[in-house]
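Have the sequence and the 3D view open as you read.

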Amino acid sequence: MTDRTAALRITARRSAAALCAMALVLGPPGAALAQPLQDNAYTIDLFQGPILAPLRVTGIAGAYAGYAEGIAGMVANAAAPALREPFSMRWFEWDVAASISLPIELFENNDFDNSGDIDLDYSNFVYLTLGGQLQAGDFGAGVNAELQRYSLTDEAGAETTVVIGKYHFLGGVRLLGDALVLGAGARAVTLNLQAEQTDLTMAGISPELGVLVRPDWASYRLGATFRFPVNGGRLLGEGVVMDGQVRRAGGLILPNEVVLPWELEVGLAVQVGPRPLNPAWIDPHVQERELREAVARRQAAREERRERELGAIDDPEERARRERVFATERARERADDERELAAGPAVLEAERRARYWNWPREHLLITAELLVTGPVSNGVSLERFLAQKQPGSEHGPSAVGTSGAHVSFSPRFGIETEPIPGRVHTRFGSYYEPNRFGRLGSGRVGRQHFTFGADVRVLSTTFWGLIPDTALTLQASMDFAPRYDSVSAGIGVWH
């Protein structure tokens, strides 16, 4: 070996060492500002990657903003409460809906937050929805609550219970007939954390706006909603202690604030087949007024005919006789008109109901949307916050700034059809769950989800005369992705 060769090798080794040192200092792109949880200067990012929603919404991969029907529509579009569904028959309508889902984990590979690591043992998971809406003519208002409750058990056997609540308080109006629906209201969030000698809660609220375009008898809809960020402030309650300048509870370093990021949801729905997507809603008040006006016109026409007939009679006795006959006719006709007007609302409602049930069932509904979620400064995911006490967490992606460092995009697509008309409804969808962790962790890119859903009509009941005859369905939805799976079941109403 020559002196020149030895010198080159020494120079190469020193250069490599310098590069390695620089890499250790700088770290991977996007991670230079990330630090372990050492104090309270961070934020819990309540971004939710996998869809947790009413079963119909889950079945079509969350692509519901452009469709937005029913109480379930409130989780996707703030204009939903004012949207009249095809089976809406009355001027004043009310509806309530509740469901409880117990997602079944088929495989022990649950990475809920797509961090690249298998999560803690999530057991006793419950997803509950409860909603109601009132509609009066062109106006509507609704409230919907989503509660997610799950228990986590760490390696030492310590249990932590987390309950997240998301609430929508919305009102809307129909304009230009049915062509334009506008909605606005508030989105609220609560988070409750219970552990040994710890009971912490946060709450926050902010506005949301929604719009839906659905021209009468057109085969498409366009919808969009914007939700402002919800800053829930600090977790407050029992069990908070000061460790020097650091607030702790249950062995966890608490965040300065909890934030639900802003969201923009834009969607399209297109339906093919003989079943109409946007039938014009018939206002019962307008229909009943037209009936009264028709009866009044008929009465006026009869009186005009009688006046002409009487005017053509010169004999006073004959005229008097005809007036007596007309008086008898008027009494009989008035009674007939009153019976027709009294029975009119029920007859017209039956006609509207028959109009709906006589539409063909065959259809193919195609939905697509894009969900854009805003960033969160100094963000940490909820799962990583709860995993602080796990071995190696001080080096993993639970560092400050590893969740919500950038805007996230989630395209979604769904298909819904009725393969057995009047009996079975099926859904299929797929959505992309964006990576919320930047370049940290093994989840450097997002993951693709595939969803499935079905309704099977099983029976009709009045619950011993307490409600009108109602058809019930058994419902199911499934969501599969790498390192994630969920199967849910419920009971619904067939329309």
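Helices (H or I, at least four residues) and strands (E, at least two) are DSSP runs here, numbered from the N terminus. With that in hand, find strand 3, residues 121–136, where Leu134 sits. This is a predicted model, so local features need pLDDT of at least 70 and side-chain atom pairs count only at pLDDT 80 or more, while totals for chains, interfaces and linings use all residues. Residues are numbered from 1 along each chain as its sequence is written, and side-chain values use heavy atoms, with hydrogens and water left out.

Leu134 is partly exposed, at 46% relative accessible area (buried means under 20%, exposed over 50%, and partly exposed in between, with a 1.4 Å probe and protein chains only). Strand 2, residues 92–101, gives the patch its largest share, three residues.

Now for the charged pairs. The structure holds 33 salt bridges, each being a side-chain nitrogen of Lys or Arg within 4 Å of a carboxyl oxygen of Asp or Glu. One of them joins Glu263 to Arg187, at 3.4 Å from N to O. Glu263 is in strand 15 and Arg187 in strand 6 (residues 180–195), so this pair links distant parts of the chain, 76 residues apart. Are these two buried or exposed? Glu263 counts as buried at 17% relative accessibility, and Arg187 is buried too, at 4%.

Compare that with Glu309 and Arg305, whose side chains meet in a salt bridge at 4.0 Å, N to O. Both belong to helix 3 (residues 284–311), and because they are four residues apart, about one helical turn separates them. Glu309 is partly exposed at 28% relative accessibility, as is Arg305, with 35%.

Helix 3 also reaches out to another helix. Glu333 and Arg306 form a salt bridge whose closest N and O atoms are 2.6 Å apart. Glu333 lies in helix 4 (residues 316–357) and Arg306 in helix 3, so the pair ties together parts 27 residues apart in sequence. Both Glu333 and Arg306 are buried. They also belong to a network of salt bridges that includes Arg298, Arg302, Glu303, Glu329, Arg330, Asp337 and Glu340.

Next, look for the gaps inside. Rolling a probe the size of a water molecule over the atoms shows where empty space is left. On a 1 Å grid over the protein atoms alone, a cavity is a set of points where a 1.4 Å probe fits but cannot get out, and lining residues have an atom within 4 Å of a point. Grid points are joined across faces, edges and corners, and a volume is the space filled by probe spheres set on the points. The count comes to five cavities of 30 Å³ or more.

The largest cavity holds about 430 Å³ of space. It has 29 lining residues, and those closest to its centre are Gln48, Val75, Lys166, Glu263 and Leu371. Glu263 is the residue that pairs with Arg187 in a salt bridge. Strand 18 (408–420) is among the strands that supply at least two residues of this lining, and with four residues it has the largest share. By class, the lining splits into 13 nonpolar, eight polar and eight charged residues (Ala, Val, Leu, Ile, Met, Phe, Trp, Tyr, Cys and Pro count as nonpolar, Asp, Glu, Lys and Arg as charged, and the others, Gly among them, as polar).

The second largest cavity has a volume of about 240 Å³. Of its 23 lining residues, Leu46, Phe47, Gln48, Phe112 and Glu383 are the closest to its centre. Strand 4, strand 5 and helix 5 (382–386) each supply at least two residues.

Finish in the loops. Trp217 is not a glycine, yet it has a positive phi of about 65°; look for Trp217 between strand 7 and strand 8.

Notes:
1 Å grid on protein atoms, 1.4 Å probe; cavity = no way out; pocket = protein on both sides within 12 Å on 5 of 7 lines; lining within 4 Å.
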